[in-house]
Amino acid sequence: MSSRQQRYQHTPTPSRASLVGRQRAGQLAPTDTAKALQAARACPDAWYRVQALASVAEHAEPGPALSILEEAAREAPSCHDAYGTVAVMAWPLGV
């Protein structure tokens with residue numbers, strides 16, 4: 001077990017799909033909300049899905065942005081633990 005794993009045992013390793021999906025959503029968000037939303041929703045890990053949704057909302061028109069932020073808030077409780085649920089809400093709240 002590496003020192004990182006020992007220090008953060010409660011934090012699961014993210015899937016590659018979540019890392020790629022969050023990155024892709026962020027890249028698409030300024031120019032294509034629909035495709036960015038698809039990428040965000042495809043993130044299997046809630047932590048990354050909520051972050052991706054928030055980045056899409058940041059670039060969306062005001063009406064859809066509110067709906068996307070509400071979706072992000074609904075997804076937050078799917079995080080791996082209570083800390084993750086609370087901490088990841090910083091992303092949509094920041095938007």
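User: How are helix 4 and helix 5 oriented to each other, roughly parallel or roughly antiparallel?

Analyst: In this predicted model, local features need pLDDT of at least 70 and side-chain atom pairs count only at pLDDT 80 or more, while totals for chains, interfaces and linings use all residues. The axes of helix 4 and helix 5, lines fitted to C-alpha atoms over the stretch in contact, come within 9 Å and cross at roughly 170 degrees. Angles between N-to-C directions run from 0 to 180 degrees, and those over 145 count as roughly antiparallel. Helix 4 and helix 5 are therefore roughly antiparallel.

User: Which residues of helix 5 meet helix 4?

Analyst: Contact means heavy atoms within 4.5 Å. On the side of helix 4, the residues are A46, R49, V50, L53, V56 and A57. Their partners in helix 5 are A65, I68, L69, E71, A72 and E75.

User: How are helix 2 and helix 4 oriented to each other, roughly parallel or roughly antiparallel?

Analyst: Helix 2 and helix 4 pack with axes 8 Å apart, at an angle of about 5 degrees. Angles under 35 degrees count as roughly parallel. Helix 2 and helix 4 are therefore roughly parallel.

Definitions and conventions:
Residues numbered from 1 in each chain as written. Heavy atoms only, no water. Helix = DSSP H or I, 4+ residues; strand = E, 2+ residues; numbered from the N terminus. Parallel < 35°, antiparallel > 145°, perpendicular 65-115°, else oblique.
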